[in-house]
Amino acid sequence: MKILVTGGAGFIGSHVVDGYLGEGHEVVVVDNLYTGKLENLNPKAKFYLMDVRSRELDRVFEIEKPDIVNHHAAQMSVPVSVERPAFDAEVNILGLINLLECAVRHGTKKVIFISTGGAVYGETENIPTPETEPPKPLSPYAITKYSSEHYLRFYNHQHGLDYTVLRYANIYGPRQIPHGEAGVVAIFIHKLAKGQLPVIYHYPEEPDGMTRDYCFVGDIVKANILALEKGSEETINIGTSKETTTGQLYRLVLGLMREKGYARDALFENPDKGPARPGDLRRSALAIDKAASILGWRPEKSLEEGLKETVNWELSGRQRKE
Ligand SMILES: NC(=O)c1ccc[n+]([C@@H]2O[C@H](COP(=O)([O-])OP(=O)(O)OC[C@H]3O[C@@H](n4cnc5c(N)ncnc54)[C@H](O)[C@@H]3O)[C@@H](O)[C@H]2O)c1
(Lines give C-alpha, C1' and ligand atoms only; values in the text may rest on other atoms or scores of the structure.)
Protein backbone atom coordinates (compact mmCIF):
# COMPACT_ATOMS: atom_id res chain seq x y z
CA MET A 1 0.00 0.00 0.00
CA LYS A 2 1.07 3.61 -0.47
CA ILE A 3 0.46 5.62 2.71
CA LEU A 4 0.78 9.38 3.12
CA VAL A 5 1.66 10.22 6.73
CA THR A 6 1.23 13.87 7.70
CA GLY A 7 3.36 14.90 10.68
CA GLY A 8 5.73 12.03 9.87
CA ALA A 9 8.73 13.99 11.17
CA GLY A 10 7.07 14.43 14.58
CA PHE A 11 7.29 12.32 17.71
CA ILE A 12 4.46 9.80 17.12
CA GLY A 13 4.17 10.19 13.33
CA SER A 14 7.84 9.26 12.79
CA HIS A 15 7.36 5.99 14.73
CA VAL A 16 4.25 5.23 12.65
CA VAL A 17 6.29 5.85 9.48
CA ASP A 18 8.94 3.38 10.72
CA GLY A 19 6.18 0.84 11.50
CA TYR A 20 4.55 1.12 8.06
CA LEU A 21 7.91 0.84 6.27
CA GLY A 22 8.72 -2.20 8.44
CA GLU A 23 5.51 -3.81 7.19
CA GLY A 24 6.65 -3.30 3.59
CA HIS A 25 4.45 -0.33 2.74
CA GLU A 26 5.52 2.66 0.66
CA VAL A 27 5.46 5.83 2.75
CA VAL A 28 5.23 9.49 1.77
CA VAL A 29 5.59 12.14 4.50
CA VAL A 30 4.17 15.67 4.48
CA ASP A 31 5.46 17.83 7.33
CA ASN A 32 6.30 21.54 7.65
CA LEU A 33 8.76 20.88 10.53
CA TYR A 34 6.79 23.21 12.83
CA THR A 35 7.70 20.92 15.73
CA GLY A 36 8.95 17.92 13.73
CA LYS A 37 12.63 17.24 13.10
CA LEU A 38 14.50 15.96 10.08
CA GLU A 39 16.48 13.57 12.28
CA ASN A 40 13.22 11.78 13.20
CA LEU A 41 12.44 11.16 9.57
CA ASN A 42 13.04 7.68 8.19
CA PRO A 43 15.32 8.06 5.12
CA LYS A 44 13.30 5.37 3.30
CA ALA A 45 10.21 7.61 3.28
CA LYS A 46 9.69 10.18 0.51
CA PHE A 47 9.53 13.61 2.14
CA TYR A 48 7.63 16.74 1.13
CA LEU A 49 8.47 19.79 3.26
CA MET A 50 4.98 21.26 3.13
CA ASP A 51 2.20 22.73 5.22
CA VAL A 52 -1.04 20.72 5.23
CA ARG A 53 -2.85 24.00 4.56
CA SER A 54 -0.89 24.57 1.32
CA ARG A 55 -2.53 24.56 -2.10
CA GLU A 56 0.53 22.60 -3.28
CA LEU A 57 -0.80 19.59 -1.36
CA ASP A 58 -3.00 18.76 -4.34
CA ARG A 59 0.14 18.28 -6.44
CA VAL A 60 1.52 15.79 -3.89
CA PHE A 61 -1.69 13.76 -4.15
CA GLU A 62 -1.59 14.00 -7.95
CA ILE A 63 1.97 12.63 -8.03
CA GLU A 64 1.73 10.08 -5.22
CA LYS A 65 -1.91 8.92 -5.36
CA PRO A 66 -1.84 7.49 -1.80
CA ASP A 67 -4.22 4.61 -0.95
CA ILE A 68 -4.38 5.72 2.67
CA VAL A 69 -3.78 9.00 4.50
CA ASN A 70 -2.63 8.85 8.13
CA HIS A 71 -3.11 12.34 9.59
CA HIS A 72 -0.82 13.05 12.54
CA ALA A 73 0.09 16.67 11.66
CA ALA A 74 -1.52 19.10 14.05
CA GLN A 75 -1.16 22.10 16.26
CA MET A 76 -1.13 19.90 19.37
CA SER A 77 -0.41 22.25 22.27
CA VAL A 78 -3.37 23.04 24.54
CA PRO A 79 -1.80 26.32 25.85
CA VAL A 80 -1.08 27.51 22.27
CA SER A 81 -4.68 26.71 21.32
CA VAL A 82 -5.90 28.83 24.26
CA GLU A 83 -3.62 31.75 23.30
CA ARG A 84 -4.11 31.48 19.53
CA PRO A 85 -7.45 29.75 18.84
CA ALA A 86 -7.60 31.01 15.25
CA PHE A 87 -4.16 29.55 14.47
CA ASP A 88 -5.19 26.28 16.08
CA ALA A 89 -8.33 26.16 13.91
CA GLU A 90 -6.38 27.09 10.76
CA VAL A 91 -3.98 24.16 11.15
CA ASN A 92 -6.34 21.61 12.66
CA ILE A 93 -9.56 22.38 10.78
CA LEU A 94 -8.55 24.10 7.52
CA GLY A 95 -5.54 21.77 7.18
CA LEU A 96 -7.81 18.76 7.58
CA ILE A 97 -10.35 20.07 5.04
CA ASN A 98 -7.55 20.70 2.53
CA LEU A 99 -6.34 17.14 3.06
CA LEU A 100 -9.84 15.62 2.75
CA GLU A 101 -10.54 17.57 -0.47
CA CYS A 102 -7.28 16.25 -1.96
CA ALA A 103 -8.11 12.71 -0.78
CA VAL A 104 -11.51 12.83 -2.49
CA ARG A 105 -10.11 14.34 -5.72
CA HIS A 106 -7.36 11.74 -6.03
CA GLY A 107 -9.09 8.51 -5.02
CA THR A 108 -7.69 7.94 -1.51
CA LYS A 109 -9.65 5.09 0.07
CA LYS A 110 -9.28 5.84 3.75
CA VAL A 111 -8.11 8.43 6.29
CA ILE A 112 -6.76 7.41 9.70
CA PHE A 113 -7.28 10.49 11.85
CA ILE A 114 -5.55 11.08 15.17
CA SER A 115 -7.78 12.60 17.81
CA THR A 116 -7.32 12.94 21.53
CA GLY A 117 -9.09 10.87 24.17
CA GLY A 118 -7.00 12.74 26.71
CA ALA A 119 -8.82 16.00 25.84
CA VAL A 120 -12.12 15.52 23.96
CA TYR A 121 -14.03 13.99 26.89
CA GLY A 122 -13.25 16.90 29.19
CA GLU A 123 -13.83 16.49 32.93
CA THR A 124 -15.71 13.25 33.64
CA GLU A 125 -16.20 10.79 36.51
CA ASN A 126 -16.78 7.96 34.03
CA ILE A 127 -13.25 6.53 34.17
CA PRO A 128 -11.91 4.64 32.30
CA THR A 129 -13.92 6.62 29.75
CA PRO A 130 -15.61 4.72 26.91
CA GLU A 131 -16.21 6.12 23.41
CA THR A 132 -19.95 6.36 24.24
CA GLU A 133 -19.23 9.17 26.75
CA PRO A 134 -20.50 12.45 25.20
CA PRO A 135 -17.41 14.63 24.57
CA LYS A 136 -17.26 17.92 26.47
CA PRO A 137 -14.12 19.53 25.02
CA LEU A 138 -12.72 22.30 27.25
CA SER A 139 -9.97 23.80 25.07
CA PRO A 140 -9.79 25.08 21.48
CA TYR A 141 -7.45 22.13 20.74
CA ALA A 142 -10.03 19.61 21.98
CA ILE A 143 -12.76 21.48 20.07
CA THR A 144 -10.85 21.37 16.77
CA LYS A 145 -10.04 17.66 17.24
CA TYR A 146 -13.68 16.82 17.97
CA SER A 147 -14.88 19.01 15.07
CA SER A 148 -12.46 17.14 12.81
CA GLU A 149 -14.19 13.89 13.70
CA HIS A 150 -17.47 15.42 12.43
CA TYR A 151 -15.79 16.47 9.15
CA LEU A 152 -14.63 12.89 8.64
CA ARG A 153 -18.19 11.63 9.05
CA PHE A 154 -19.39 14.27 6.57
CA TYR A 155 -16.79 13.30 3.93
CA ASN A 156 -17.68 9.66 4.50
CA HIS A 157 -21.39 10.34 4.07
CA GLN A 158 -20.99 12.70 1.13
CA HIS A 159 -18.06 11.15 -0.75
CA GLY A 160 -17.75 7.60 0.59
CA LEU A 161 -14.27 8.33 2.01
CA ASP A 162 -13.61 5.69 4.68
CA TYR A 163 -12.05 6.70 8.02
CA THR A 164 -10.90 5.46 11.39
CA VAL A 165 -10.53 7.90 14.29
CA LEU A 166 -7.95 6.92 16.91
CA ARG A 167 -8.42 8.87 20.16
CA TYR A 168 -5.04 8.66 21.87
CA ALA A 169 -4.41 8.79 25.60
CA ASN A 170 -1.10 10.43 26.77
CA ILE A 171 1.64 9.01 24.61
CA TYR A 172 5.29 8.87 25.68
CA GLY A 173 8.49 7.34 24.38
CA PRO A 174 11.68 8.09 22.42
CA ARG A 175 11.71 11.27 20.24
CA GLN A 176 9.16 13.15 22.37
CA ILE A 177 9.95 16.83 22.72
CA PRO A 178 9.73 18.09 26.29
CA HIS A 179 6.73 20.36 25.69
CA GLY A 180 3.01 20.09 26.28
CA GLU A 181 1.23 18.09 28.92
CA ALA A 182 1.99 14.69 27.42
CA GLY A 183 5.66 15.64 27.29
CA VAL A 184 5.90 15.21 31.07
CA VAL A 185 8.04 12.05 30.81
CA ALA A 186 10.56 13.82 28.57
CA ILE A 187 10.44 16.89 30.86
CA PHE A 188 11.18 14.80 33.97
CA ILE A 189 14.10 12.98 32.31
CA HIS A 190 15.62 16.22 30.95
CA LYS A 191 15.33 18.05 34.26
CA LEU A 192 16.76 15.20 36.33
CA ALA A 193 19.62 14.71 33.86
CA LYS A 194 20.50 18.41 34.38
CA GLY A 195 20.21 18.14 38.17
CA GLN A 196 17.06 20.30 38.26
CA LEU A 197 13.92 19.68 40.31
CA PRO A 198 10.78 19.30 38.20
CA VAL A 199 7.41 20.78 39.21
CA ILE A 200 4.37 18.61 39.88
CA TYR A 201 1.19 20.53 39.10
CA HIS A 202 -1.78 19.53 41.23
CA TYR A 203 -5.18 20.49 42.64
CA PRO A 204 -5.13 21.23 46.42
CA GLU A 205 -7.14 18.10 47.27
CA GLU A 206 -4.88 15.84 45.15
CA PRO A 207 -1.29 16.57 46.27
CA ASP A 208 0.17 13.68 44.24
CA GLY A 209 -0.98 15.34 41.04
CA MET A 210 -3.58 14.70 38.36
CA THR A 211 -4.06 11.26 36.81
CA ARG A 212 -3.31 10.39 33.20
CA ASP A 213 -3.32 7.27 31.04
CA TYR A 214 0.27 6.83 29.77
CA CYS A 215 0.67 4.65 26.69
CA PHE A 216 3.99 3.73 25.04
CA VAL A 217 4.53 4.94 21.48
CA GLY A 218 5.49 1.44 20.24
CA ASP A 219 2.00 0.21 21.14
CA ILE A 220 0.52 3.17 19.25
CA VAL A 221 2.35 2.10 16.10
CA LYS A 222 0.63 -1.31 16.23
CA ALA A 223 -2.80 0.38 16.46
CA ASN A 224 -1.98 2.42 13.34
CA ILE A 225 -0.92 -0.72 11.46
CA LEU A 226 -4.14 -2.54 12.44
CA ALA A 227 -6.23 0.48 11.43
CA LEU A 228 -5.04 0.11 7.82
CA GLU A 229 -7.37 -2.86 7.41
CA LYS A 230 -9.80 -2.58 10.33
CA GLY A 231 -11.93 -0.01 12.16
CA SER A 232 -13.87 1.22 9.14
CA GLU A 233 -16.04 4.26 10.10
CA GLU A 234 -15.19 3.79 13.78
CA THR A 235 -13.92 6.03 16.58
CA ILE A 236 -11.64 4.08 18.90
CA ASN A 237 -9.82 4.93 22.14
CA ILE A 238 -6.14 3.97 22.30
CA GLY A 239 -4.62 3.90 25.77
CA THR A 240 -4.05 1.54 28.69
CA SER A 241 -7.14 2.34 30.84
CA LYS A 242 -4.80 2.72 33.84
CA GLU A 243 -4.66 5.95 35.85
CA THR A 244 -1.25 7.12 37.04
CA THR A 245 -0.73 10.25 39.14
CA THR A 246 2.03 12.66 38.12
CA GLY A 247 3.70 11.85 41.46
CA GLN A 248 3.72 8.10 40.72
CA LEU A 249 5.14 8.78 37.27
CA TYR A 250 7.84 11.01 38.74
CA ARG A 251 8.90 8.37 41.28
CA LEU A 252 9.21 5.74 38.53
CA VAL A 253 11.34 8.07 36.38
CA LEU A 254 13.43 9.09 39.41
CA GLY A 255 14.13 5.42 40.23
CA LEU A 256 15.32 4.75 36.67
CA MET A 257 17.45 7.91 36.57
CA ARG A 258 19.07 6.97 39.88
CA GLU A 259 20.03 3.56 38.45
CA LYS A 260 21.93 5.56 35.81
CA GLY A 261 23.67 7.66 38.45
CA TYR A 262 21.52 10.82 38.24
CA ALA A 263 19.51 12.66 40.91
CA ARG A 264 20.93 10.67 43.86
CA ASP A 265 20.51 13.58 46.31
CA ALA A 266 17.56 13.20 48.76
CA LEU A 267 16.14 16.57 47.66
CA PHE A 268 14.93 14.91 44.44
CA GLU A 269 12.46 12.88 46.50
CA ASN A 270 10.45 16.07 47.08
CA PRO A 271 9.83 17.73 43.72
CA ASP A 272 8.46 21.26 43.58
CA LYS A 273 4.68 21.57 43.65
CA GLY A 274 2.66 24.03 41.60
CA PRO A 275 -1.05 24.80 41.19
CA ALA A 276 -2.93 23.06 38.36
CA ARG A 277 -2.89 25.19 35.21
CA PRO A 278 -6.06 26.48 33.50
CA GLY A 279 -7.65 23.62 31.57
CA ASP A 280 -5.78 20.84 33.41
CA LEU A 281 -8.16 17.89 33.74
CA ARG A 282 -8.22 16.24 37.16
CA ARG A 283 -8.42 12.67 35.92
CA SER A 284 -8.09 10.89 32.60
CA ALA A 285 -7.97 7.25 31.48
CA LEU A 286 -9.54 5.59 28.46
CA ALA A 287 -11.58 2.39 28.21
CA ILE A 288 -10.04 0.21 25.50
CA ASP A 289 -12.55 -2.63 25.02
CA LYS A 290 -13.47 -1.29 21.57
CA ALA A 291 -9.83 -1.29 20.44
CA ALA A 292 -9.61 -4.93 21.52
CA SER A 293 -12.85 -6.05 19.85
CA ILE A 294 -12.56 -4.05 16.60
CA LEU A 295 -8.82 -3.73 15.98
CA GLY A 296 -7.63 -6.72 18.02
CA TRP A 297 -5.33 -4.25 19.80
CA ARG A 298 -4.12 -4.21 23.38
CA PRO A 299 -1.17 -2.31 24.87
CA GLU A 300 1.73 -4.69 25.52
CA LYS A 301 4.37 -2.53 27.19
CA SER A 302 4.05 -1.87 30.93
CA LEU A 303 4.70 1.68 32.14
CA GLU A 304 7.88 0.50 33.89
CA GLU A 305 9.25 -1.12 30.69
CA GLY A 306 8.24 1.80 28.49
CA LEU A 307 9.85 4.34 30.82
CA LYS A 308 13.04 2.28 30.95
CA GLU A 309 13.25 2.25 27.16
CA THR A 310 12.59 6.00 27.04
CA VAL A 311 15.22 6.81 29.68
CA ASN A 312 17.79 4.64 27.87
CA TRP A 313 17.08 6.39 24.59
CA GLU A 314 17.21 9.89 26.09
CA LEU A 315 20.52 9.18 27.82
CA SER A 316 22.05 7.54 24.76
CA GLY A 317 22.02 10.82 22.83
CA ARG A 318 18.55 10.81 21.26
CA GLN A 319 19.62 9.00 18.07
CA ARG A 320 17.62 6.98 15.53
CA LYS A 321 18.62 3.31 15.74
CA GLU A 322 18.55 2.73 11.96
N1 LIG B 1 1.53 13.23 22.25
C2 LIG B 1 0.36 12.83 22.75
O3 LIG B 1 0.26 12.34 23.88
C4 LIG B 1 -0.88 12.93 21.92
C5 LIG B 1 -2.11 12.61 22.54
C6 LIG B 1 -3.27 12.69 21.77
C7 LIG B 1 -3.20 13.04 20.43
N8 LIG B 1 -2.00 13.37 19.87
C9 LIG B 1 -1.98 13.74 18.46
O10 LIG B 1 -0.99 12.99 17.80
C11 LIG B 1 -0.48 13.76 16.71
C12 LIG B 1 1.05 13.80 16.77
O13 LIG B 1 1.44 14.40 17.99
P14 LIG B 1 2.94 14.38 18.53
O15 LIG B 1 2.88 14.23 20.00
O16 LIG B 1 3.73 13.44 17.73
O17 LIG B 1 3.36 15.88 18.24
P18 LIG B 1 4.51 16.50 17.32
O19 LIG B 1 4.43 17.98 17.53
O20 LIG B 1 5.81 15.82 17.56
O21 LIG B 1 4.01 16.10 15.87
C22 LIG B 1 3.21 16.94 15.04
C23 LIG B 1 3.86 16.97 13.68
O24 LIG B 1 3.00 17.72 12.80
C25 LIG B 1 3.80 18.64 12.08
N26 LIG B 1 2.97 19.79 11.73
C27 LIG B 1 2.43 20.70 12.57
N28 LIG B 1 1.72 21.61 11.88
C29 LIG B 1 1.83 21.26 10.57
C30 LIG B 1 1.32 21.83 9.37
N31 LIG B 1 0.56 22.94 9.38
N32 LIG B 1 1.62 21.22 8.19
C33 LIG B 1 2.40 20.10 8.17
N34 LIG B 1 2.91 19.54 9.28
C35 LIG B 1 2.61 20.11 10.47
C36 LIG B 1 4.93 19.01 13.02
O37 LIG B 1 6.06 19.56 12.39
C38 LIG B 1 5.22 17.66 13.67
O39 LIG B 1 6.15 16.91 12.91
C40 LIG B 1 -1.15 15.13 16.79
O41 LIG B 1 -2.25 15.14 15.91
C42 LIG B 1 -1.62 15.19 18.22
O43 LIG B 1 -2.73 16.04 18.35
C44 LIG B 1 -0.83 13.32 20.59
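The questions below concern a predicted model.

Me: In what order do the strands of the open sheet run?
Reply: The sheet is open and has 7 strands, with parallel pairing. E3 (46-49) and E11 (234-238) each have a single partner strand, so one side of each lacks a neighbour in the sheet and these two stand at the edges. From one strand to the next the twist averages 20 degrees. The order is E3-E2-E1-E4-E5-E6-E11.

Me: Which residue in E11 stands opposite threonine 164?
Reply: Strand E6 covers residues 162-168 and pairs with E11 in the parallel sense over 5 bridges. The residue in E11 opposite threonine 164 is glutamate 234.

Me: What angle does the direction of H4 make with that of E4?
Reply: H4 packs on the sheet and touches E1, E4 and E5. The angle between the directions of H4 and E4 is about 175 degrees.

Me: How far apart are the end C-alpha atoms of helix H4, and what span should its 21 residues give?
Reply: Helix H4 takes in residues 85-105, and at 1.5 Å a residue its span should be 30 Å. The value in the model agrees with this, the end C-alpha atoms being apart by 29 Å.

Me: Which elements do the buried residues of H4 pack against?
Reply: The buried residues of H4 include Phe87, Val91, Leu96 and Cys102. Their partners are both strands and helices: E1 (2-6), E4 (68-71) and E5 (110-116), together with H2 (57-64), H3 (78-83) and H6 (140-159).

Me: Is phenylalanine 87 buried or exposed?
Reply: Phenylalanine 87 in helix H4 pairs with tyrosine 34 of the loop between E2 and E3, 53 residues apart. The two rings are edge-to-face, at 5.8 Å centre to centre and 65 degrees between the planes. Tyrosine 34 has a relative accessible area of 43% and is partly exposed. Phenylalanine 87 has 13%, and as the cut-off is under 20%, phenylalanine 87 is buried.

Me: Which charged end sits over the ring of phenylalanine 87?
Reply: The charged end lies 4.2 Å from the centre of the phenylalanine 87 ring. It belongs to arginine 84.

Me: Why is the pair of phenylalanine 188 and tyrosine 250 classed as it is?
Reply: Phenylalanine 188 lies in helix H7 (residues 184-193) and tyrosine 250 in helix H9 (residues 246-259), so the pair ties together parts 62 residues apart in sequence. Both residues are buried. The ring centres are 5.2 Å apart and the planes stand at 80 degrees; planes over 60 degrees apart count as edge-to-face, so the pair is edge-to-face.

Note on methods. Residues numbered from 1 in each chain as written. Predicted model: local features only at pLDDT ≥ 70, side-chain atom pairs only at ≥ 80, totals over all residues. Heavy atoms only, no water. Helix = DSSP H or I, 4+ residues; strand = E, 2+ residues; numbered from the N terminus. Expected span 1.5 Å × (residues − 1). Buried < 20%, exposed > 50% of the residue type's maximum accessible area, 1.4 Å probe, protein only. Contact = heavy atoms within 4.5 Å. Pairing = 2+ DSSP bridges. Axes fitted to C-alpha atoms, helices over the stretch in contact; angles between N-to-C directions. Phe/Tyr/Trp six-rings, centres within 6.5 Å; stacked < 30°, edge-to-face > 60°. Lys NZ or Arg CZ within 6 Å of the ring centre and 35° of its normal.
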